[in-house]
Amino acid sequence: MDVALVMGSISDWPKIKATAELLQKLNVSFDKHIISAHRMPTELQNFASKLKDEHYKIVIAAAGGAAHLPGMLAANTTLPVIGIPVKTSILNGMDSLLSIVQMPAGVPVATVAIGDAGAKNAAILAAQVIALSNKSVEKNLNEFRRNQTKEAIESNEQLK
Ligand code: RP5
C-alpha cells in the first residue's frame, strides 16, 4: 500500500470518507486503520514504527478534539504525515486544528483545512507525493485538474 489512512475513532470515518473516495478515484493504493492516540497508545507506537518496513510511502491521519494522533504518528516515523482536523460538535474543529497544526520544530505534520475541503485535499496532496514516482497517478492527477478547471469554467453558464 502507498498510503495508510488512519483515524482516531470510528466516529471520524463518515467525515473522511471523501478522502478514501478520492484516493480510490486517483487510483492510489491505501488501507484504513482506527488507532486512537489516547485509547491505544501502545498500538499506535507499534503501528508507526512498522510503517516503513511495510512499504507505506505516506500517512494521512484524521482526528478530532485533542487530536494528538497525527503528531504522535509523526513522532514515531519519518514518513510524511498529513493531518486532517476533524470538525467537532463542541468547538467546530478549531480544537482539532490547533492540536494538529501547532507541532514543535523537528516533527512536522502537513495540516489541511477543517471539514470536507481538508478531507479532499489530504487525498490530493498524498496523491501528488505518490505521483513523484508513479506516472499513472500523475496522469490521473492531471486529468482531475483538467476536469476541475473545465467544471469551473462551465459554471459560468449557471450565471446566465
Ligand atoms: C479523537 O476523539 C477521535 O479522532 C475523535 O474525533 C474524537 C472523539 O472520539 P469518540 O469519542 O467519538 O470515539 O480521538
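1. Buried here means under 20% relative accessible area. That cut-off applies to helix H4, where Asp95, Ser96 and Ile100 are buried. Those three cover an arc of only 120 degrees around the axis, which puts them on the same side of H4. The model is predicted.

2. What do the buried residues of H4 pack against? Their partners are E3, helix H3 (69–75), E4 and strand E5 (110–111).

3. Leu97 touches Pro85, Thr111, Val112 and Ile114, leaving out residues up to four places away in sequence. Met1 is 96 residues from Leu97 along the chain, and their C-alpha atoms are separated by 27 Å.

4. Val101 is the other one; it also belongs to H4, which spans residues 94–101. Val101 has 37% relative accessibility and therefore counts as partly exposed. Together with Met94 and Leu98, Val101 forms a nonpolar patch on the surface. The accessible area of the three together is about 260 Å².

5. Now the interior. In soluble globular proteins, nonpolar side chains tend to be buried together. The largest nonpolar core in this model has 27 residues. Val3, Leu23, Val28 and Ile60 have the most contacts inside this core. Two or more residues come from each of these elements: strands E1 (3–7), E3 (58–63) and E4 (81–85), and helices H1 (13–25), H5 (116–131) and H6 (135–154). H5 gives the most, with seven residues.

6. Is Thr19 buried or exposed? Thr19 is buried, because its relative accessible area is 0%. This residue is found in helix H1. Neighbours within four places aside, Thr19 is in contact with Leu5, Ile60, Ile84, Ala119, Ala122 and Ala123.

7. Helix H2 (residues 41–50) has Leu44, Phe47 and Ala48 buried. Viewed down the axis of H2, the buried residues fall within an arc of 95 degrees, so they line one face. They pack against E1, strand E2 (30–34) and H3.

8. Gly71 lies in helix H3. Its relative accessibility is 9%, so Gly71 counts as buried. Gly71 touches Met103, Val107 and Val109, not counting residues up to four places away in sequence. Gly71 and Ile100 are 29 residues apart in sequence, with 6.5 Å between their C-alpha atoms. Ile100 is one of the buried residues of H4, and H3 is among the elements that the buried residues of H4 pack against. H3 is also a packing partner for the buried residues of H2.

Technical notes:
Residues numbered from 1 in each chain as written. Predicted model: local features only at pLDDT ≥ 70, side-chain atom pairs only at ≥ 80, totals over all residues. Heavy atoms only, no water. Core = buried A, V, L, I, M, F, W, Y, C linked by side-chain atoms within 4.5 Å. Buried < 20%, exposed > 50% of the residue type's maximum accessible area, 1.4 Å probe, protein only. Helix = DSSP H or I, 4+ residues; strand = E, 2+ residues; numbered from the N terminus. Patch = residues over 30% accessible without salt bridge, like charges linked within 9 Å, V, L, I, M, F, W, Y side chains within 5 Å. Areas by Shrake-Rupley, 256 points an atom, 1.4 Å probe, with all protein chains shown as cover. Salt bridge = Lys/Arg side-chain N within 4 Å of Asp/Glu carboxyl O. Arc of directions from axis to C-beta. Contact = heavy atoms within 4.5 Å.
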